[in-house]
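Dear colleague,

Please find the structure below, handed over for your review. My notes on it follow directly after.

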Amino acid sequence: MLLPLSVASSYRSYHRKRGQLLERSGLSTEIFGTLANGETVEAVTLTNANGMSVKIIGYGASIQSVCVPDAQGRFADVTTGYATLDEYVAQPHFYGATIGRVANRIAHARFTLDGEEYTVPANDGTNSLHGGDVGFDKVNWTVTACDAAALSVTLRHFSPRGDQGYPGNLKVTATYQLSADNALSVTYRATTDAPTCVNLTNHAYWHLSGEGAPHDAMDHLLTIPAEHYLPVDSGLIPTGERRSVAGSVFDFRTPKPIRDHVRDFADAQLRHGRGYDHNWIIDQDVAPEPRILAELKDPHSGRTMTLLSNQPGVQFYAGNFFDGSTTGKAGKSYHIGDAIALEPQMFPDAPNQPSFASAALHPGDVYENVIVWQFGIAASA
C-alpha cells in the first residue's frame, strides 16, 4: 500500500530519528574530575532508546543529570547539580547524592544501640544531619560494574568502624539502572560485621521544567498518598506524634500545587522548617516491593514523575534554604523553591525513637532501599 506523501515523509522522519536514538543508546564512561588527593572521579552516562539520559558520578554516588523529554519532545535536565567536580567539593548541597550512614537528623547527635551510647558529629546545630561532617555524599565511591545491555552501573563504598562515630564495618553498594520506559532506579544494599544503624536515601532535587527554568518549582502538582505525617520540633526532630493530614496544609492525598501553602507560616510546623521539611508516613515498616510514595506533575512542561520505594516514609523538602549562593549547570543561581527533594527513607531520628521502625542493621542481615523515579507525560498535555 502506498502512503500519502506527507504520511510517508513523517514515517521516514520518525524512523530516522528513532534510528539515531538507537545508535546513541548505551553506556559511556569518562573522568569527571580529580580530587585534591589525586583520586579520579568517574562518570557513567546511561542512555536509552528514547533518548533519555542519566549521568552518575562517583563522588557521593550522585545523580549529576537526568535529561527527559517534555510534551513536545524537547529534552531538559530536570535535576539540580553542578557542572564540575570542584563545585561539588567546594559547595556541598547534597545534589543528587547518596546519603548515609543515616539520612536526616539524629537528635542531640547521639543514640543508644544494644545498650551502648554512640556520639556522631553535630553538624546541624546540636543535631547530626545526613551522616555527619563527612557523610557518604562527600566520599568517592568506586565504580565496580557497568552493564551496557542492562543500562546499569554499580558503585561501592566501604565505611570502616568508627567512621563518623558509627559502629561496625559497613559495606555498601548502589546500583543505578535506566529502563526502556524512562524509569531510573537505584538499589542500595548494605551489610555489617557488627550492629550499627543504617538509613540510606538519595537526595536528588527536581524541577520538571528543567533546572535552569526561569520560574521555580512551586507550581508543580504534588500527590503524597499518606494519611499521617510526623510533626517536628524547632530543630526539625520528630516529636514522636503521628498526626493526621486531614484538614491541614500537609494533606496531599489529592494533587495540589506546592505553592498553595508552602509559605503559610500561620502553621507552626511550616515555621519550623521555613516551609515543608517533613516526613510523610506511607507505612509502618519496609515493604517487600516498591510502592508509590509520591507523584509530581509540572503544568508548564507536561512532565510527570512518580516516585516508588520500599521504604515506610518520604521526606518532602521544598528547597526552603536555597539562597542564590550556588549556580547550577545551566548557569542559573538556585533560589528558594527552585527545586524540591523527595527522599524515601526510614523515619527521621529512628535510632532514638522506639515507636518508629528500627534503623538497626545486624550481622547476617542485608539492608535494602529500592527507589524508582518513573518519568512520563501527563495525559492532559
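The model is predicted, so local features are reported only at pLDDT of at least 70 and side-chain atom pairs only at pLDDT 80 or more, whereas totals for chains, interfaces and linings use all residues. Residues are numbered from 1 along each chain as its sequence is written, and side-chain values use heavy atoms, with hydrogens and water left out.

Strand pairing

Helices (H or I, at least four residues) and strands (E, at least two) are DSSP runs numbered from the N terminus, and two strands are taken to pair if DSSP finds at least two bridges between them. On this basis, 5 strands form an open sheet in the order β1-β2-β3-β4-β5, with antiparallel pairing. Its edge strands, each pairing on one side only, are β1 (26–34) and β5 (75–77). From one strand to the next the twist averages 15°, with axes being lines fitted to C-alpha atoms and angles running from 0 to 180 degrees between N-to-C directions. Within this sheet, 8 bridges connect β1 to β2 (residues 40–47) in the antiparallel sense, and Gly26 lies opposite Thr47 in β2.

Strand β30 (residues 367–377) runs antiparallel to β14 (residues 183–192), to which 8 bridges join it; here Asn369 is the bridge partner of Tyr188. Strand β30 also pairs with β24 (residues 303–309), in the antiparallel sense and over 7 bridges, with Trp373 of β30 opposite Leu307.

Aromatic contacts

Rings of Phe, Tyr and Trp (its six-membered ring) count as a pair if their centres lie within 6.5 Å; planes under 30 degrees apart are stacked, over 60 edge-to-face, and the rest tilted. The count comes to 25 aromatic pairs. One of them is the edge-to-face pair of Phe250 and Tyr276, at 5.5 Å centre to centre and 85° between the planes. These residues are 26 apart in the chain: Phe250 is in the loop between β20 (243–244) and β21 (256–257), and Tyr276 in the loop between α3 (268–273) and β22 (277–281).

Phe250 also pairs with Trp280; the ring centres are 5.6 Å apart and the planes meet at 40°, so this pair is tilted. Trp280 belongs to strand β22, 30 residues from Phe250. Buried means under 20% relative accessible area (1.4 Å probe, protein chains only). Phe250 counts as buried because its relative accessibility is 0%, Trp280 is buried with a relative accessible area of 0%, and Tyr276 is buried as well.

Separately, Phe32, Tyr82, Tyr88, Tyr95, Tyr205, Tyr317, Phe322 and Tyr334 form one aromatic cluster.

Yours sincerely

How values were computed: Buried < 20%, exposed > 50% of the residue type's maximum accessible area, 1.4 Å probe, protein only.
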